[in-house]
Amino acid sequence: MEKISVFAPASVANVCAGYDVLGFSFAAVGDHMHFEKTPEKGVRISEITGAELPLTLEDNVAGVAVKALYNRFETQIDFGIDIRIEKKIKPGSGIGSSAASAAGAIFGADALLNSQLPSTELISLAMKGEAVASGCEHADNVAPSLLGGFSLISSYHPLTVSSIYCDLDLHAVVLHPKIEVKTKEARAVLPSKIPLTLATEQWGHLAGLILGLTRSDAELISRHLTDLVIEPHRKNLIPKFEQYKSAALDEKALGFGISGSGPSVFALCEGSQSAEQIKANMMQIASAQDYDFSLYSGEIDNKGTHEIR
Ligand code: HSE
């Protein structure tokens with residue numbers, strides 16, 4: 001293969017119950033990335049459109065991810081890789097912008113290098129790229145963006161990622177208020193320790209949510225789309241959070257929460273009709289605010305990062 005173009009979807013991390021360990025892929029918005037072999041060795045980013053991001057490899061999420069993979073094979077190959085990025089997911093939106101860059105980068109480079117590495121290894125390399133932007137290596141955006149569907153990271157040491165299949169017609173509505181909430185800052189507001197009783201309650205919710213997804217049980221999913229640990233500390237960073245939440249739950253959303261570290265918020269629901277109604281309600285609230293916003297809806301994407309023609 002001489003060149004490849006890929007689509008890398010957005011993603012919603014945490015999914016209320018699973019801070020840093022659960023996420024789903026959301027293809028209503030995603031980046032386009034183009035990779036081409038070059039006769040001269042090495043990796044370069046020749047163009048980025050749609051966002052002001054560094055072309056310097058070591059400062060760029062995609063650059064770091066591709067380089068990490070490329071370095072493993074450098075002695076066995078005689079070509080380099082040129083990367084062009086069309087950013088469609090706004091950096092700092094909370095819907096996995098950097099993760100999409102990292103997932104797309106690894107997918108594209110893997111195709112050109114024909115690395116044959118297992119997906120856990122590829123996720124681990126993509127996490128190195130993501131860390132450039134978020135300040136820490138977490139996989140709850142990268143894994144679903146790469147694999148599609150819901151991903152559970154049941155262990156980081158060693159990295160253990162499982163895809164979770166749910167037969168329900170799940171849709172998500174995502175509101176991105178265009179205010180700045182940096183992942184590093186949103187992580188800094190969190191307590192480093194929590195009481196055991198709180199941890200116990202949250203473990204129950206995560207287990208219940210996973211069970212609900214695997215059993216395709218909407219009621220169980222809804223009961224456990226609950227975040228007792230993170231949301232209380234982060235919701236104040238998002239204006240009108242409670243109002244959006246009530247608007248979504250009033251329209252029978254299965255649940256509502258902060259997407260990743262925010263400022264985006266998401267509602268999970270069954271069926272496109274429900275999604276459209278929730279979207280309309282959220283639109284009404286957002287339109288009355290003094291910030292710009294983007295609103296997306298779509299089904300949970302099961303494809304993940306893939307080749308486009
Ligand atoms: N799990 C991460 C966090 C996701 O909540 O900080 C960042 O998008």
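Q: How many Å separate the centres of domain 1 and domain 2?

A: This is a predicted model. The centres of domain 1 and domain 2, taken over C-alpha atoms, are 24 Å apart. The contact draws 30 residues from domain 1 and 36 residues from domain 2. As for the bounds, domain 1 covers 3-165 and domain 2 covers 170-299.

Q: What area do domain 1 and domain 2 bury between them?

A: The two domains bury about 2,400 Å² between them, and 69% of that area lies on carbon and sulfur atoms.

Q: How are two packed helices described?

A: The description uses the angle between their axes and the distance between the axes. For helix α1 (residues 61-73) and helix α2 (residues 97-113), the angle is about 30° and the axes are 8 Å apart. Angles under 35 degrees count as roughly parallel, so α1 is roughly parallel to α2. The crossing of α1 and α2 is right-handed.

Q: Which residues make the contact of α1 with α2?

A: On α1 they are Val61, Ala62, Ala65, Val66, Leu69, Tyr70 and Phe73. On α2 they are Ser98, Ser101, Ala102, Ala105, Ile106, Ala109, Asp110 and Leu113. Sorted by class, the contact of α1 with α2 has 12 nonpolar, 2 polar and 1 charged residues.

Q: At what angle do α1 and helix α3 pack?

A: Helix α3 (residues 119-134) packs with α1 at an angle of about 145°, and their axes are 7 Å apart. The crossing of α1 and α3 is right-handed. From α1, the contact uses Val61, Val64, Ala65, Ala68, Leu69 and Arg72. From α3, the residues include Glu121, Leu122, Leu125, Lys128 and Glu130. The class division for the contact of α1 with α3 is 10 nonpolar, 1 polar and 4 charged.

Q: Is α9 roughly parallel or roughly antiparallel to α10?

A: Helix α9 (residues 241-250) and helix α10 (residues 272-287) have axes that come within 9 Å and cross at roughly 155°. Angles over 145 degrees count as roughly antiparallel, so α9 is roughly antiparallel to α10. The crossing of α9 past α10 is right-handed.

Q: Which residues of α9 and α10 meet?

A: Gln243, Tyr244, Ala247 and Ala248 of α9 meet Ile278, Asn281, Met282, Ile285 and Ala286 of α10. In the contact of α9 with α10 there are 7 nonpolar, 2 polar and no charged residues.

Q: What is phi of Val15, and where is Val15 found?

A: Phi of Val15 is near 45°, a positive value in a residue other than glycine. Val15 lies in the loop between β1 (3-13) and β2 (22-38).

Notes. Residues numbered from 1 in each chain as written. Predicted model: local features only at pLDDT ≥ 70, side-chain atom pairs only at ≥ 80, totals over all residues. Heavy atoms only, no water. Axes fitted to C-alpha atoms, helices over the stretch in contact; angles between N-to-C directions. Helix = DSSP H or I, 4+ residues; strand = E, 2+ residues; numbered from the N terminus. Parallel < 35°, antiparallel > 145°, perpendicular 65-115°, else oblique. Left-handed = near helix turned anticlockwise from the far one by under 90°. Contact = heavy atoms within 4.5 Å. Nonpolar A, V, L, I, M, F, W, Y, C, P; charged D, E, K, R; others polar. Domains from an automatic or database assignment. Buried area = accessible area lost by both parts, 1.4 Å probe.
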